[in-house]
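Here are my notes on the model you sent over. Have the structure open while you go through them.

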Amino acid sequence: MSHDDWPLWEVFVRSRRGLSHTHAGSLHAPDAELALRNARDLYTRRAEGVSIWVVPSAAVAASSPDEKDAFFDPAADKPYRHPTFYDIPEGVRHL
Amino acid sequence: MTADHGPGASAATGPANGPANGTASRANDPGIGARSGVARPTGEPRLTGAPATAALALGDDALVLSHRLAEWAGHAPVLEEEVALANIALDLLGQARLLLSLAGDEDELAYLREERAFRNVQLVEQPNGDFAVTIARQLYFSVHQELLYTRLAAGGGPFAAVAAKAVKEVAYHRDHAEQWTLRLGDGTEESHRRMSAAVNGLWRFTGELFQPLEGLGLDPAAPAAMEAEWLERIASVLGRATLSVPDGPRHGAWAAGAGRQGLHTEPFGRMLAEMQHLHRSHPGASW
């Protein structure tokens, strides 16, 4: 099996103090088990993580750069969607 | 680290074309660890007698295998695997430093001993060969090392602390070797053929792993028990990998195994020459 046949995997690592897994990078591996081990060696060797997910890159559905304007521009001029126009009522804490 | 590798000493061990001020600069030198930012193993008192010889044996195993694995840097079949092998090599180097420091000065022991003074088993000095040979060597050695270090860590002897730290590393090394043995053995026709040749070729070096080593502080029955467990575990992995357990000799006249007495196979001399060349050519050189 040549390296070219190996699928690409996306690696997500949850750091010691983080609550969610964060995208760390990608790597090649012949199967999921070895992808996890490669991820351990490549992305957690300086004690960066306590948990790893690997996902086949082919399974990731991504938005297309061509659709960027239609997807994201309409939100750019609607600042009222940010909750910054409201006075915080008295007595509400932790907001 | 002693500062006595002056021109006189170096003339005997190698060409003395190092920097003229090398010896002088070592006088105030706090050591390699201080220069490179890597902690030097300290604190543990030096061992003497049989425990020191045992520290040397285990330290040399780790050092020599570490160097062999490091030879893959720049040559591994894929980048991801290169990092994996380098990680394992660095784990082993860390173990070697701790163990050799129990027996003496780690740098002197690693770089200034002759071939006959090394006490490693012959298995670890065998050349990398193809990837299957490296994996077979890893499998044989790491299963042995895991069995041994688990016992040492539980035993409370002079090696308990070092073994307790190393045993988690070693469990990962064993897992790595197992994973690859399964995939190569049960892979393509070619990978099966190569893996089969590799486990057969190194088989005669595996008996030496269980020669009793005085000074470890283990029960006298431990080596035999470890060997039985080792055979069982290896047979299980090979079976799952669709490989047959080799049937050649592991002990006696046709098996290998005098590394602990300082007798080594031919490729070891060349490996040592490369490993020691820089230190011997430039005694006292620093970054």
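1. How many residues of chain B are in contact with chain A, and how many residues of chain A do they touch? Keep in mind that this is a predicted model. Nine residues of chain B make contact with 13 residues of chain A.

2. Now the chain B side of that contact. Helix H5 (79–103) and helix H9 (160–185) of chain B are the elements that give two or more residues to it. H5(B) provides the largest share, four residues. By type, the chain B residues that touch chain A come out as three nonpolar, four polar and two charged.

3. On to chain A. Its open sheet has three strands in the order E2-E1-E3, and the pairing is antiparallel. From one strand to the next, the twist averages 30 degrees.

4. Helix H1 (residues 32–43) of chain A lies across E1, E2 and E3 of chain A, and runs at about 135 degrees to E3(A).

5. A word on confidence. The model scores ipTM 0.75 and pTM 0.82. Chain B has a mean pLDDT of 86, with 85% of its residues at 70 or more. Residues 1–39 of chain B stay under 50, though the model has 47 contacts for them beyond four places in sequence.

Conventions
Residues are numbered from 1 along each chain as its sequence is written. Chains are lettered from A and ligands numbered from 1 in the order in which they are written. This is a predicted model: local features need pLDDT of at least 70, side-chain atom pairs count only at pLDDT 80 or more; totals for chains, interfaces and linings use all residues. pLDDT is the predictor's confidence in each residue, from 0 to 100. Two residues are in contact if their C-beta atoms, placed from the backbone, lie within 7 Å. Two strands pair if DSSP finds at least two bridges between them. Axes are lines fitted to C-alpha atoms, for helices over the stretch in contact, and angles run from 0 to 180 degrees between N-to-C directions. Ala, Val, Leu, Ile, Met, Phe, Trp, Tyr, Cys and Pro count as nonpolar, Asp, Glu, Lys and Arg as charged, and the others, Gly among them, as polar.
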